[in-house]
Amino acid sequence: MGAMSFWHWALVILVVVLLFGRGKISDLMGDVAKGIKSFKKGMADDDSAAATTEPKPIEQQPAVKAEAEKAKS
């Protein structure tokens, strides 16, 4: 079939506008833009919070000592 023609896209756009109306589509796009902005702001806040906290050291025990503690339990 190949690429869709101009008339196909015009018909699809017409059906979408008839179903949802111009007002609903513009409101929906505004809500999507607000969501993207808030997501980006949240990601920036997470990056700055992660950069300010110091990583916690992981305590490791030798395998022999860990096995001995398991045997005691």
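1. Of the 73 residues of the protein, 0% count as buried (under 20% relative accessible area, with exposed meaning over 50% and partly exposed in between; 1.4 Å probe, protein chains only). The model is predicted: local features need pLDDT of at least 70 and side-chain atom pairs 80 or more, while totals for chains, interfaces and linings use all residues. Residues are numbered from 1 along each chain as its sequence is written, and side-chain values use heavy atoms, without hydrogens and water.

2. The protein has two helices and zero strands (DSSP runs numbered from the N terminus: H or I of at least four residues, E of at least two). Leu11 lies in helix H1, residues 6-52, and is exposed at 52% relative accessible area.

3. Carbon and sulfur atoms account for 66% of the accessible surface of about 7300 Å² (Shrake-Rupley method, 1.4 Å probe). A nonpolar surface patch includes Met4, Trp9, Leu11 and Phe20, and its members together have about 1200 Å² of accessible area.

4. There is one aromatic pair in the structure (ring centres within 6.5 Å; planes under 30 degrees apart are stacked, over 60 edge-to-face, the rest tilted; Trp counts by its six-membered ring). The ring centres of Phe6 and Trp7 are 5.2 Å apart and the planes stand at 70 degrees, so the pair is edge-to-face. Phe6 is exposed at 59%, and Trp7 is exposed at 65%.

Key:
Patch = residues over 30% accessible without salt bridge, like charges linked within 9 Å, V, L, I, M, F, W, Y side chains within 5 Å. Salt bridge = Lys/Arg side-chain N within 4 Å of Asp/Glu carboxyl O.
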